[in-house]
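Here is a short briefing for a first look. Please view the sequence and the model before reading on.

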Amino acid sequence: MLQLREISLFAGLDDTQLQLLQSHLLIKHYKKDSIVFYEGDESEYLHILLDGEVRLFKTSPQGRQVHIHNFQSPEIIALFAAFERVAFPASCEFFTDGTLGLLPLKSLYSCLNKLEFSLAFISSLSKRIRLLSTLLHKETIFSSEAKIADLIYNNPTVFQHFKNNQIASILNITPETLSRILTKLKKEKIIIIEEHIVTVLNIKALAAIIDTNSIKKGLSDSFL
């Protein structure tokens, strides 16, 4: 099983502290599609993703799920909620089978007087702020075409692991929109997709879609 010392947040602690925290860690196993917590729930634990992948999402008043982010192990989930002792701002669901470590918050707070741990903690919080800034930019600025281009540009293997309706959920677009834009990208000879494997034929054209927020007819020819 993954040890706490393998997670950057805890890497600066000495062996005695690590052993103590490890002894307090509660291990829970989850099946795919299991809910870890719902938006508005409260917890006395820091959630540590030891194995698998989860997604965070919010639910609109109309009942629509709005995807926020995916986390792959090893990772800390809902760090800010744990630090501020507030309710979870989003729901968490396993995309795969996986394992969580639940660390009592009182154990977490006992480490804050250690300089290296405090610096790592601040760094982790800063990482979350940068993530939220990036997500906000993509949701408010990016068109559906730019969202898909950005996903392919940065993480093309996602199509090997998830179905199109799951990817559409990640991007907060409809499956029909995803299918239409992928067809357009293939028609423009920017990508090809064979057995769920995406191959980028024209990386410059893909980058141009992200920059311009649109797919222009004949775009790929401009970067030959």
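The points below cover a helix contact and some aromatic pairs. This is a predicted model, where local features need pLDDT of at least 70, side-chain atom pairs count only at pLDDT 80 or more, and totals for chains, interfaces and linings use all residues. Residues are numbered from 1 along each chain as its sequence is written, and side-chain values use heavy atoms, with hydrogens and water left out.

**Helix contact**
- The axes of helix α7 (residues 164–171) and helix α8 (residues 175–187) come within 8 Å and cross at roughly 100°.
- That makes α7 roughly perpendicular to α8 (65 to 115 degrees).
- Asn164, Asn165, Ile167 and Ala168 in α7 meet Pro175, Leu178 and Leu182 in α8 (contact means heavy atoms within 4.5 Å).

**Aromatic pairs**
- The count is 3 aromatic pairs; rings of Phe, Tyr and Trp (its six-membered ring) pair if their centres lie within 6.5 Å, and planes under 30 degrees apart count as stacked.
- Tyrosine 30 and phenylalanine 94 are stacked, at 5.0 Å centre to centre with 25° between the planes.
- Tyrosine 30 is in strand β1 (residues 26–30) and phenylalanine 94 in strand β7 (residues 91–94), so the pair ties together parts 64 residues apart in sequence.
- Tyrosine 30 is buried at 12% relative accessibility (buried means under 20% relative accessible area, with a 1.4 Å probe and protein chains only).
- Phenylalanine 94 is also buried, at 0%.
- Phenylalanine 37 and phenylalanine 88 are stacked, with ring centres 3.7 Å apart and planes at 15°.
- Both phenylalanine 37 and phenylalanine 88 are buried.

Methods
Axes fitted to C-alpha atoms, helices over the stretch in contact; angles between N-to-C directions. Helix = DSSP H or I, 4+ residues; strand = E, 2+ residues; numbered from the N terminus. Parallel < 35°, antiparallel > 145°, perpendicular 65-115°, else oblique. Phe/Tyr/Trp six-rings, centres within 6.5 Å; stacked < 30°, edge-to-face > 60°. Buried < 20%, exposed > 50% of the residue type's maximum accessible area, 1.4 Å probe, protein only.
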